[in-house]
Amino acid sequence: MAVKTSKFVWMDGKFVRWKDAKVHVMAHALHYGSSVFEGIHCYEADEGTAIFRLDEHIKRFFYSANALGMGIKFTEDKLKNAIKKLVKINKLGHSYIRPLAFYGYGNVGIFPKDVPASVAVITVPWGNYYSGDLRVMTSKYARHSEKSTVYGAKIGGNYANSILAMHEARKNGYDEALMLDYEGYVSEGPAENLFIVKNRELIAPSSRSALPGITRDSILAISKGMGIKAYEKKVALSDVKNADEAFFCGTATEIAPIISVDGKMIGSGKIGAITLAIRNKFHDIVRGKGKRYRKWLTYVG
Ligand code: PMP
């Protein structure tokens, strides 16, 4: 996929041109994965360009930075305003927003003592993340648990685990990986949460190894609003394989049906009725339809 670009990047308080948004090769994060990031979806909504659940993403961003002992030298409000302005000056509608903070040029040791942290925001026009239904493979790599990293933090280095799982899946001819936790229960995908549907009920794995995703949280709320019983529980791999429906969800993925796991067809092998209903509702909500969830949208103005 060709890299999409935009005109400006926000770096440490300044709007700089895309080609000038550079870091030194000695940046600590490049060596040790000492970065934190967010992925945020911006939509063309009914009343203009709107960012989905900006507050929650920025909260998690600060939480992740704090987990790495990284002081962010901007307030949450300052960062939110920078994001809104960046979307505007880049003249973007439907787009992807990537806040990033990282330990920069300092020392070569692993502990980032006295190493300055930089903060950036990148925006790119939206491109489809998944082309369609997913054929998934169970990964041999276990997801990090809270015994090996900070639960709920999006730390760059943790994603080596996701990359390994994706390599494995793609090498074996699958679209995506399904990861188990350290106890062997189902956790999540490399960058998305899982849901299964059984007997018209929606079930989310309650693993402490999965990221408590913002899309997942939205879907739990939306489905309850639709009268679909939704709850969390420990999910075994056999529960997924015997589910009526299954789907991955995340900011980039939105809602993507899983049609098979390790070659075993899920349900009818096509998007299921409940997945479709939730997906349609989700697509409406992110575009500002339906009063109840308007609070989730921040208009760029
Ligand atoms: N799990 C992981 C590991 C992720 O990286 C993501 C993407 N942030 C998700 C789940 C989905 O989270 P969200 O809905 O907040 O994007």
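**Entry 1: Asp 12 and its partner**

I started with Asp 12, which is partly exposed, with a relative accessible area of 28%. I kept in mind that the model is predicted. The side chain of Asp 12 forms a salt bridge with that of Lys 73, at 3.6 Å from N to O. I then checked where the two sit, and the pair links distant parts of the chain, 61 residues apart. Asp 12 is in the loop between strand 1 (8-11) and strand 2 (14-17), while Lys 73 is in the loop between helix 2 (54-67) and helix 3 (76-89). Lys 73 counts as exposed, because its relative accessible area is 52% and the cut-off for exposed is over 50%.

How many salt bridges does a search of the whole structure find? I noted 19.

I looked at Lys 19 and Asp 20 next, and they form a salt bridge with their closest N and O atoms 3.6 Å apart. Lys 19 is exposed at 58% relative accessibility, whereas Asp 20 is partly exposed at 44%.

Then I turned to Arg 60 and Glu 38, whose side chains meet in a salt bridge at 2.8 Å, N to O. Arg 60 lies in helix 2 and Glu 38 in the loop between strand 3 (35-37) and strand 4 (40-45), so this pair ties together parts that are 22 residues apart in sequence. Are Arg 60 and Glu 38 buried or exposed? Arg 60 is buried at 10% relative accessibility, and Glu 38 is buried too, with a relative accessible area of 0%. Buried means under 20% here, so both values qualify.

I also wrote down a network of salt bridges that links Arg 53, Glu 56 and Asp 217.

**Entry 2: helix 2**

Helix 2 has 14 residues. From its first C-alpha to its last it reaches 20 Å, close to the 20 Å expected at 1.5 Å a residue.

Which residues of helix 2 are buried? I listed Leu 54, His 57, Ile 58, Arg 60, Phe 61, Phe 62, Ser 64 and Ala 65. Just after the helix, I found Gly 69 with a positive phi of about 70 degrees.

**Entry 3: a surface patch**

On the surface I found a nonpolar patch formed by Tyr 32, Val 108 and Ile 110. Together these residues have about 310 Å² of accessible area. I followed up on Ile 110, which is in the loop between strand 6 (95-103) and strand 7 (117-125). Ile 110 is exposed, with a relative accessible area of 64%. Patch members need over 30%, so Ile 110 passes that cut-off.

**Entry 4: the ligand**

My last stop was the ligand, which 15 residues surround. Which of them are the closest? They are Lys 154, Tyr 159, Glu 188, Thr 215 and Thr 251.

- Lys 154 has a polar side-chain atom 2.8 Å from a nitrogen atom of the ligand.
- Thr 215 places a polar side-chain atom 2.6 Å from an oxygen atom of the ligand.
- Thr 251 has an N or O atom in its side chain that is 2.6 Å from an oxygen atom of the ligand.

I finished with the cover: on its own the ligand has 390 Å² of accessible area, and the protein covers 96% of it.

Key:
Residues numbered from 1 in each chain as written. Predicted model: local features only at pLDDT ≥ 70, side-chain atom pairs only at ≥ 80, totals over all residues. Heavy atoms only, no water. Patch = residues over 30% accessible without salt bridge, like charges linked within 9 Å, V, L, I, M, F, W, Y side chains within 5 Å. Areas by Shrake-Rupley, 256 points an atom, 1.4 Å probe, with all protein chains shown as cover. Salt bridge = Lys/Arg side-chain N within 4 Å of Asp/Glu carboxyl O. Helix = DSSP H or I, 4+ residues; strand = E, 2+ residues; numbered from the N terminus. Buried < 20%, exposed > 50% of the residue type's maximum accessible area, 1.4 Å probe, protein only. Expected span 1.5 Å × (residues − 1). Near = heavy atom within 4 Å. Polar contact = N/O pair within 3.5 Å; in protein donor to acceptor, adjacent residues only side chain to side chain.
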